[in-house]
Amino acid sequence: SKLKEGLTKTRDNIVSGIDSVFSGFSSIDDDFYDELEETLIMGDIGVVATEEILDDLKNKVKENKIKNPADCKQLLIDSIKEKMNLGENAYEFENRKSIVMLIGVNGVGKTTSVGKLAGLLKAQNKKVIMAAADTFRAAAIEQLTEWSNRTGADIIAQSEGSDPAAVIYDSIAACKARKADVLLCDTAGRLQNKKNLMEELRKIDRVIEREYSDAYRENLIVLDATTGQNALSQLREFNDVTNITGIILTKMDGTAKGGIAVAIQAEFGIPVKYIGVGEKVEDLQKFDSDTFVNALFD
Ligand code: GDP
């Protein structure tokens, strides 16, 4: 599958290490756990998630009276899966009148993800409008216009440099007039200036509260998997200024750092809802922990 193909490097990075731990030890002792810990951290699973996974594994090993390392591999896989629970209603916005903000720093794949998400929803016969509220970058408006042509989703845009809140206002008006299901908003992520960013997001919030308070809200942060642990610090920063409800993890194709999908969810308890595995419209997939972990280990 495309997912399995895309995760080849992550799989090589994590699984080959884990396999050598399981085959290199004949008993489950502190050295075994230390080696496993190092392997998971090297695989970008993160310190917090790794500790939780190992605590969990140790309990399971005790409970099941397991003596042989080879016999606890499946328990490890189960523990990793348990760290990535989506919770209920993860995709509620797809089936309601909703407004979805895509937030994140430049270059992570926000505009592309808005386009792919539009394609995914259009395939479910939803009426979709895209708001080109990244007015900071002229290319973002052009890119989104191309995605509109490609997917058939409507786009509302103003000129470069215009007020993002005004674009959102126009887009909401269009949603009401055209009875749209989902409004997808591209935004500019200028984390360098946190105060401006906060003010911009607040202004947008006020418009939404005033004009579209009955719409279901979803704030998705877009993170680039190839940036590894940097993605975690971006999430930390954005989570300070706004209420993040989910994650789109892009560029999972071809990176060895796919393990951060585990790290992020364990550390923040915010679910990864979609992953990007390429640049085309079909390259956005719903995240499923079973499928993900199986693609890594099978
Ligand atoms: P933005 O600045 O956050 O809006 O980022 P863009 O949407 O412009 O994307 C930046 C670059 O990353 C573009 O060249 C995209 O085609 C590419 N990109 C986005 N998502 C993915 C993905 O899942 N996989 C790959 N390989 N490239 C991606």
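Tutor: First, a term: a pocket is an open set of grid points with protein on both sides within 12 Å along at least five of seven lines. Also, this is a predicted model.

Student: Ok, how much space lies in the largest pocket?
Tutor: About 320 Å³.

Student: Which residues lie nearest its centre?
Tutor: Val-108, Gly-109, Thr-112, Lys-251 and Glu-279. The lining has 21 residues.

Student: And how do the lining residues divide into nonpolar, polar and charged?
Tutor: There are 3 nonpolar, 10 polar and 8 charged.

Student: Which helix gives the most to that lining?
Tutor: α6, with 5 residues. Both α6 (110-122) and α7 (138-151) supply at least two.

Student: New topic: strand β4. How many of its residues are buried?
Tutor: 6 of 6, over residues 182-187.

Student: Which way do they point from β4?
Tutor: Val-182, Leu-184 and Asp-186 point one way. Leu-183, Cys-185 and Thr-187 point the other way.

Student: Why the two ways?
Tutor: In a regular strand, side chains alternate between the two faces of the sheet.

Student: What does β4 pair with?
Tutor: β1 (residues 98-103) pairs with β4 in the parallel sense over 5 bridges. There, Leu-102 has Asp-186 as its bridge partner. β2 (residues 128-133) also runs parallel to β4, joined by 6 bridges. Met-130 is partnered with Leu-184.

Student: Last one: which residues of α5 are buried?
Tutor: Leu-75, Leu-76, Ile-77, Ser-79, Ile-80 and Lys-81.

Student: What do they pack against?
Tutor: Helices α2, α3, α4, α11 and α12.

How values were computed:
Residues numbered from 1 in each chain as written. Predicted model: local features only at pLDDT ≥ 70, side-chain atom pairs only at ≥ 80, totals over all residues. Heavy atoms only, no water. Buried < 20%, exposed > 50% of the residue type's maximum accessible area, 1.4 Å probe, protein only. Helix = DSSP H or I, 4+ residues; strand = E, 2+ residues; numbered from the N terminus. Contact = heavy atoms within 4.5 Å. Pairing = 2+ DSSP bridges. 1 Å grid on protein atoms, 1.4 Å probe; cavity = no way out; pocket = protein on both sides within 12 Å on 5 of 7 lines; lining within 4 Å. Points joined across faces, edges and corners; volume = space filled by probe spheres on them. Nonpolar A, V, L, I, M, F, W, Y, C, P; charged D, E, K, R; others polar.
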